[in-house]
Amino acid sequence: MFADNNASNLTKPEYDKAYRAKRKARKHELIALCHSVVAQKQEESPDFTIGFRCYRLLRSGEIVKLPPEYAVILKSCQDFITNPQRFASLFAWGGAAIHNIQCRTLIAKVLACMMPNTDLIGGRIGLPTEAGLKTISYDQLQEDYALRWGEFISPKAFAKVVKYLQRASYLTSERINVCVDSDEGTVRSAAAYKQFTATFFRDLKVVSYRNISDLIMASRQRMEKKGLRFEWLAFRTIAAGVQEIFNADKLNKTASLVSGWFLPSHRTQAHLSPH
């Protein structure tokens, strides 16, 4: 959402265009951050890269090491590039495009961005908090793509990958729509519930290996000791957050109209009024 008062003066198409431009600019900022941080690390260690390796670049510019199980999981994603049968259901149901190495590369790179955001025990894609798992948007995952690969992925290309994953029965999602104004019938949405299925984990295979599953369980226990929870945030909690944002926007628009009377042009008009 735009915080500035100019947003309230835009038509819906103008607002959507400006919002898309803002999101694209944000991703290019993260791409520049990725290049800068990686270049700095390569001064100490020339072969350093993030890609399919067990690292993650945060939006703050900090590089963190992922738990050891991710080394094997990300390597499995990378293997799909050269082995189209690495993910059986994708090979069976993905269509002719799966035979194209560029398509497989894109899918593998998107999966590498989704997996660090995934609860490896339940398959939920989100951010664990003390209140529960918060949903994250596809736009946030596209930002993670920029941070991991230092490249831009268009929403259209990302949506294609999602379609392939859904076609293979790997990914399921449930929209979250909230009626924020019953009088006008205004509906707002939050980031959908997204979840990898049992079919995906069956084809991923590595999580069923005893040593990997032990690492996953140990990571979960460490996070739970910090007070983090992995059940989805309740719909009511998410809906309340959407309602608060809508209310704040509505009040900001009212404040914008009121503050307009303090502009010189409005003061002159008020002075000239015969009443």
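Helix H5 gives the most to the lining of the largest cavity, with 3 residues. This is a predicted model, so please take everything I say today as computed. The cavity holds about 70 Å³ of space. By the rule used here, the count of cavities of 30 Å³ or more comes to 1.

Which residues line the largest cavity? They are Arg56, Leu57, Cys113, Pro116, Asn117, Asp144, Leu147 and Arg148. Two elements each supply at least two residues of that lining: strand S1, residues 55-57, and helix H5, residues 138-149.

Now to helix H6. It runs over residues 155-167, 13 residues in total. From first C-alpha to last, H6 reaches 18 Å, close to the 18 Å expected at 1.5 Å a residue. Which residues of H6 are buried? Phe158, Val161, Val162, Tyr164 and Leu165. Looking down the axis of H6, the buried residues fall within an arc of 155 degrees, so they line one face of the helix.

What does the face of H6 turned away from the buried side carry? Three exposed lysines sit there: Lys156, Lys160 and Lys163. Just after H6 comes serine 169, which takes a positive phi of about 60 degrees. If you have the model open, look for that residue where the helix has ended.

Last, the chain as a whole. Its secondary structure comes to 10 helices and 6 strands. The chain has 275 residues, and buried residues make up 38% of them. Among contacts with a separation of 6 or more, 68% are accounted for by residues 24 or more positions apart. The accessible surface of the chain is about 16100 Å², and carbon and sulfur atoms account for 55% of that area.

Technical notes
Residues numbered from 1 in each chain as written. Predicted model: local features only at pLDDT ≥ 70, side-chain atom pairs only at ≥ 80, totals over all residues. Heavy atoms only, no water. Helix = DSSP H or I, 4+ residues; strand = E, 2+ residues; numbered from the N terminus. Expected span 1.5 Å × (residues − 1). Buried < 20%, exposed > 50% of the residue type's maximum accessible area, 1.4 Å probe, protein only. Arc of directions from axis to C-beta. Contact = heavy atoms within 4.5 Å. Areas by Shrake-Rupley, 256 points an atom, 1.4 Å probe, with all protein chains shown as cover. 1 Å grid on protein atoms, 1.4 Å probe; cavity = no way out; pocket = protein on both sides within 12 Å on 5 of 7 lines; lining within 4 Å. Points joined across faces, edges and corners; volume = space filled by probe spheres on them.
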